[in-house]
Amino acid sequence: MEDALRFLLYLSVSALCLSMIYFFYRITKSVEAVQRDLQKISGQINPLLDSLNILSRSVKSLSDDIRDQLQKINWIVDEVKSKVETVVQIEEKVRDVMSNPVHNIVETLQGIKKGFTTAFNFFKK
């Protein structure tokens, strides 16, 4: 009976060794498959990284162009604002210079009109 137990023990150990060899074989195949997949992915990542690099340069160039255009627009707005302020100042100066003489002329014309009206009414009676 001892021999039968030893035989079963050796048979179990042998079966265990064979199953471990089989599982190690499968694990090795799985690792190789993962390694192949990683090589494929790494082959595809390089063009992707190159594309992202080109895209980031394009975005940087575009943002630089937009910044330049905004600076030009700000300069134009400042220039227009300056010109409008100059025109407003000239208008105020002209109004100040012309308001007194025009006001005097208007008062004189109103006085002349009043005089003619009074004279006309006097001669009419």
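The model is predicted, so local features need pLDDT of at least 70 and side-chain atom pairs count only at pLDDT 80 or more, while totals for chains, interfaces and linings use all residues. Residues are numbered from 1 along each chain as its sequence is written, and side-chain values use heavy atoms, with hydrogens and water left out.

**Exercise 1. The overall form**

Work out how many helices and strands the protein chain has, and how its radius of gyration stands against that of a compact globule.

Solution. 
- Step 1: The protein chain has one helix and zero strands; helices (H or I, at least four residues) and strands (E, at least two) are DSSP runs, numbered from the N terminus. Helix 1 covers residues 2–124.
- Step 2: The radius of gyration of the protein chain is 51 Å, whereas a compact globule of 125 residues would have one near 14 Å. This radius is taken over C-alpha atoms, and the globule rule is 2.2 Å times the number of residues to the power 0.38.
- Step 3: Along its principal axes, the C-alpha trace spans about 165 × 30 × 20 Å.
- Step 4: For a distance within the chain, take I76, which is found in helix 1.

**Exercise 2. Surface and burial**

Find what share of the residues is buried, and what share of the accessible surface belongs to carbon and sulfur atoms.

Solution. 
- Step 1: Buried residues make up 0% of the 125 residues. Buried means under 20% relative accessible area, exposed over 50%, and partly exposed in between (1.4 Å probe, protein chains only).
- Step 2: I76 counts as partly exposed because its relative accessibility is 46%.
- Step 3: The accessible surface comes to about 11,900 Å², with 67% belonging to carbon and sulfur atoms. Areas come from the Shrake-Rupley method with a 1.4 Å probe; for residues, only the protein chains shown count as cover.

**Exercise 3. Salt bridges**

Count the salt bridges, and explain how E2 and R6 are placed along helix 1.

Solution. 
- Step 1: The count is four, a salt bridge being a side-chain nitrogen of Lys or Arg within 4 Å of a carboxyl oxygen of Asp or Glu.
- Step 2: E2 pairs with R6, their closest N and O atoms being 3.9 Å apart. Because they are four residues apart in helix 1, about one helical turn separates E2 and R6. E2 is exposed at 58%, and R6 is partly exposed at 47%.
- Step 3: K29 forms a salt bridge with E32, again with the closest N and O atoms 3.9 Å apart. Three residues, about one turn of the helix, lie between their positions in helix 1.
- Step 4: D64 and K60 form a salt bridge with a closest N and O distance of 3.1 Å. K60, D64 and R67 are linked in a network of salt bridges.
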